[in-house]
Amino acid sequence: MTRLVWAGTLKGMDPRRLAQAMTGLPADEREILFCASSLRWSVERIAGDFDLSSDVVKLRLHDALRRLLGPTASCPPGMP
């Protein structure tokens with residue numbers, strides 16, 4: 001099972017600030033990020049529930065995190 005590598009990245013954020021920042025995300029990214037970070041769902045589970053491929057889920061998570069953390073946020077090793 002693939003787990004969201006960056007899930008811990010949002011842990012230290014103030015919940016109110018995170019909720020406010022998430023409102024600026026496109027709905028598809030916001031829903032997927034919520035499932036991954038708050039519900040701790042795997043990429044495979046999100047893909048199944050949203051009828052998407054796991055690659056699309058990973059891309060939307062990546063895009064959502066980039067929007068929240070900014071373009072200069074460092075990626076974990078092996079991530080673009």
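Predicted model: local features only at pLDDT ≥ 70, side-chain atom pairs only at ≥ 80, totals over all residues.
Trainee: What makes up the fold, helices or strands?
Mentor: The chain has four helices and zero strands. Reading along the sequence gives the pattern α-α-α-α. Of the 80 residues in the chain, 34% are buried.

Trainee: Why is glutamate 29 called buried?
Mentor: Its relative accessible area is 5%, and buried means under 20%, so glutamate 29 counts as buried.

Trainee: Where is glutamate 29, and what is glutamate 29 in contact with?
Mentor: Glutamate 29 sits in helix α2. Setting aside neighbours within four places in sequence, glutamate 29 is in contact with Arg60, Asp63, Ala64 and Arg67. The buried residues of α2 are Glu29, Ile32, Leu33, Cys35, Ala36 and Ser37, and what covers them includes α1 (15–22), α3 and α4.

Trainee: How do you know how α2 lies against α4?
Mentor: Look at the axes: they come within 9 Å and cross at roughly 95°. Angles of 65 to 115 degrees count as roughly perpendicular, so α2 is roughly perpendicular to α4. On the α2 side, the contact is made by Asp28, Glu29, Ile32, Leu33 and Ala36. On the α4 side, Val57, Arg60, Leu61, Asp63, Ala64, Leu65, Arg67 and Leu68 take part. By class, that contact has eight nonpolar, no polar and five charged residues.

Trainee: Which residues of α3 are buried, and how do you know where on the helix they lie?
Mentor: In α3 (residues 43–50), the buried ones are Val43, Ile46 and Ala47. Down the axis of α3, the buried residues fall within an arc of 100°, so they line one face of the helix.

Trainee: What happens just after α3?
Mentor: Aspartate 51 takes a positive phi there, about 55°.

Trainee: What makes a set of residues a nonpolar core, and which members of the largest one touch the most others?
Mentor: The members have to be buried nonpolar residues joined through side-chain atoms within 4.5 Å. The largest such core has 18 residues, and Leu10, Leu33, Ile46, Val57, Leu61 and Leu68 touch the most other members. Each of α1, α2, α3 and α4 supplies at least two residues of this core, while α4 gives the largest share, five residues. More generally, nonpolar side chains tend to be buried together in soluble globular proteins.

Trainee: What does leucine 33 contact beyond its neighbours within four places in sequence?
Mentor: Leucine 33 is in contact with Leu10, Met22, Leu25, Ser38, Leu61, Ala64, Leu65 and Leu68.

Trainee: Across the chain, how many of the contacts between residues at least 6 apart in sequence join residues at least 24 apart?
Mentor: Among those contacts, 62% do.

Note on methods:
Residues numbered from 1 in each chain as written. Heavy atoms only, no water. Buried < 20%, exposed > 50% of the residue type's maximum accessible area, 1.4 Å probe, protein only. Arc of directions from axis to C-beta. Contact = heavy atoms within 4.5 Å. Axes fitted to C-alpha atoms, helices over the stretch in contact; angles between N-to-C directions. Parallel < 35°, antiparallel > 145°, perpendicular 65-115°, else oblique. Nonpolar A, V, L, I, M, F, W, Y, C, P; charged D, E, K, R; others polar.
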